[in-house]
Amino acid sequence: MAATNIPTGGAHAQEAPHVQHHAAGDHHDEHEHHDQHWLFKYVFSQDHKWIAKQFLISGIIWAFIGATLSTLFRIQLGWPDAQLTWLEPLLGRWVEGGKLNPEFYLALVTMHGTIMVFFVLTAGLSGTFSNFLIPLQVGARDMASGFMNMLSFWFFFLAGIIMFVSLFLETGPAAAGWTIYPPLSALPQAIPGSGAGQTLWLVSMALFIVSQLLGGVNYITTVINLRTAGMSMAKLPLTIWSFFLTAILGLLSFPVLFSAALLLIFDRSFGTSFFLSDIYIGGEALNHVGGSPILFQHLFWFLGHPEVYIVIMPAMGIVSEVLATNARKPIFGYRAMIGSLIGISLLSFVVWAHHMFVTGMNPFLGSVFMFLTLIIAVPSAVKTFNWLATLWRGNIRFTTAMMFAIGFVSLFVSGGLTGIILGNAALDIQMHNTYFVVAHFHLVMGSSAFFGMFAGVYHWFPKMFGRMMDEKLGYVHFWLTILAAYLVFLPMHYVGIAGFPRRYYAYTAYETFNQFGDLNTFISIAAIMAFFAQFIFLFNFVYSIFRGRRATENPWNSNTLEWTTPVEPGHGNWPGAIPAVYRWPYDYSKPGAPEDFIPQHIPYSQTVASNLPYEKEME
Amino acid sequence: MIALGILLALVLLLVVFGLLFRLQILTSIFSGSYVRQVGLSNRVNAILMLVFMVVGMAAFAYSFIANFDKMNPPIASVHGLHTEKLFWITMIVIGIVFVLTQVALFVYSYKYQYREGRRAFFYSHNNKIEVIWTVIPAIVMSGLIFGGWKEWTNIMGPAPKDSVELEIVGKQFNFLVRYPGRDGKLGKTNFRLIDATNEIGFNLNDPNSLDDFTAGEVHVPKGVPVLLHIRSRDVLHAVYSPHFRVQMYAVPGMPTKFWFIPTKTTDEMKAQTGNPNFNYEIACNQICGRGHFAMKSTIIVDEPDDYVAWYAQQKPFAEQNPDVLAAFKNKKTPVIDEVPAVTTAAPAATEKAQAAL
């Protein structure tokens, strides 16, 4: 092995954790059992693996809350004439004489969106896997700052508590849509949810942003500084690349949402007019003049659009890793995969106004943003083709994780393609805010991000809990979920093409839309089926934590570093020294090698038979 | 009692599932598949992948065709016909990509399922292929961008000089409609002048306002460009009329506009759709509160002659509300000129304001 292969930066950075965790390395067991009070081990833990589990379990709880809300409004849409008195024990006065309150309907839609986008698919997905995998896969004892990492979770927890409390307010939770466009979100006269509910929403999101920033700084620092010896950036698994770029996106865009929230708080509480002008409501003309509601939308979507990539990129990373591992093949076009992730990250900052084509924004801006938006399809297409090429001539093992990874690609393609229509300003005139949009983003960033998350949970469960999840239940879960996802979202395109508007409590008053009663009932039944299928996952998850089959160290014969740790790694991850890294993470089925995988920590000198010509000199 | 019964049945069902689950684990332990890396289920899942694709695509195609008429209500504007063409061209392009990629995904999954003794093909990259599949999407996308950009600039370009003009004002939860009257000029308005009678905020000190009239529904002539001036007096709304492919936000404090040429009268559409209740509808398409879902209005497309006749019958707001007019005469409200409202008399100023935004 040639020492020149080890980048000095990585080697240097390695010093610190070695020294710092010396005790943890040598006296690993004592450290665990004597030093820590249970409160600091299980609650205020600074261990990245435990924090990841905290994020995961909170994310699952939030996902069930978010899904429950969607089931409620799907009941309303599917059976608009039904008597809903049976929901009274759950919803109380929000059901008036057997009818759902229309304002509460809007609150359901708003909270479903907020919870799913931020609490589940941002915190639950990124929070879980960035935390769990970054130190394990780059070869670090822990995050750069365990304390900040802990704070990140507890800020998220606090944000969650506040958001949860807002569900039970007298005037209801925020109800102006998850995009909280003012003036609706600024004026309690316009909708009661814009009173205390919106205040709590804003406070909760502010804390959430703090959590994201604390987490993001940590992820970035860890990836840059704490990689083990030999782990150059070009040897990182694609998971780490995606978490790294996701963290950068979050760090650059969340502060803009924070500023928008802050200005909105000023407008709501201190009489400023950033977003308000020329308003007559509740029998009086307000004193706000000169603000622009469109300004808010620019600020919101400057976060909002990178946000959808914050949601999807970790899923892309997870899927790349799972596909390669289970196809027993190197990921096709490793460098192109990194390049397209970087391309998507850069472009994601210059496409935000495609959410605003018909807001009255200058049409020239519309042209520019249409151009930029459609360019972003190119790196996404490259990724898809590379995933397909990874499967080609593989030797595929259908683990549950692999099934979800394949499902991810399918849903990502189905949802992504319609983005080509929505990104076209001329076509968006008809499609804007219709169910076509709802179908598009639920497939491309909702369902597929969930599939990425499931792939991740099934794949890394053995490393998280030392046990395996049940595969058969996993298969049932997968097939029911992908079937339901398509049954819900494909028909939504049909109603969307006809112009069916989103966030409608009922559509029966419209000659144009009331023909879709049957399809809406169908969609609702499929959505309820999807909801119930998730209980299979929940059962499997909880059962397997306690009674699942015991895992081995490397159950999937995977190459990445986390599988070199003990079955249940303690604080500090490796009992001895951190392994050094010699090769990229995708040496699967290399010709000449005895096994169909060569982990990253195996030096070339031990694999003389399988080394490629250019690797010879590294022996 | 019934609830209790249902609960009991559910509990029993769960117990049965639980037992089945345990049974499944026990049998797999005995058969040895519990620890085997790749077992029978690998083959079953591979077959299911193929079945899912074939059945799924067939069902998708069937339901798409079955619902095709429903999702395509007739289009009644000139630009709508253009964008419709672009829409279906794009749909065909993405449809082809959809089929190719999904087929590749599921067929590869089936074909390259695990086989004992076979080894995957170690194939890490191929620059040529990667360049090809970067460049081809880029070219296709540029074609679509160009088509869209051309339509977009036409639609969003300035309305023809001979356009019929009117104003739609969104409020919770209906649309107000104002016509410029005989002089063809919409008078000034101001949100501070709004009250229960003067819902639009007419400034009757502006002579252009005196012949402006309001209407319960929108009337427009067929075959003539129609320019909508769109405002909101409270929260965001959107004027959305799917048959015309018209959509534009109503923004408080920032007037917007949209122009289109209707191609079929309401009566012609009634005949074409065979629906005597047919009406062009305006739906609010931006969440605006409790009544959002019911915030609708109607557009009636008349033959040009009928339109002129209808127009001539309308009485100006000032004439219908002499007390409001009198109040203006007495007070000479000073507030009027503080905020310039949209007037068609000063299109240049509006253009500039819009450009600045």
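The model is predicted, with local features requiring pLDDT of at least 70 and side-chain atom pairs pLDDT 80 or more, while totals for chains, interfaces and linings use all residues. Residues are numbered from 1 along each chain as its sequence is written, and chains are lettered from A and ligands numbered from 1 in the order in which they are written.

Chain B contains 10 helices and 10 strands, taken as DSSP runs numbered from the N terminus (helices H or I, at least four residues; strands E, at least two). The C-alpha atoms of chain B occupy a box of roughly 100 × 70 × 45 Å along the principal axes.

Contacts, defined by C-beta atoms placed from the backbone and lying within 7 Å, link 96 residues of chain B with 104 residues of chain A. Helix 5 (residues 127-156) of chain B contributes the most to the chain B side, with 15 residues.

In chain A, the axes of helix 8 (residues 146-166) and helix 9 (residues 196-225) come within 8 Å and cross at roughly 165°; axes are lines fitted to C-alpha atoms over the stretch in contact, with angles from 0 to 180 degrees between N-to-C directions. Helix 8 of chain A is therefore roughly antiparallel to helix 9 of chain A (angles over 145 degrees).

Notes: Two residues are in contact if their C-beta atoms, placed from the backbone, lie within 7 Å. Angles under 35 degrees count as roughly parallel, over 145 as roughly antiparallel, 65 to 115 as roughly perpendicular and the rest as oblique.
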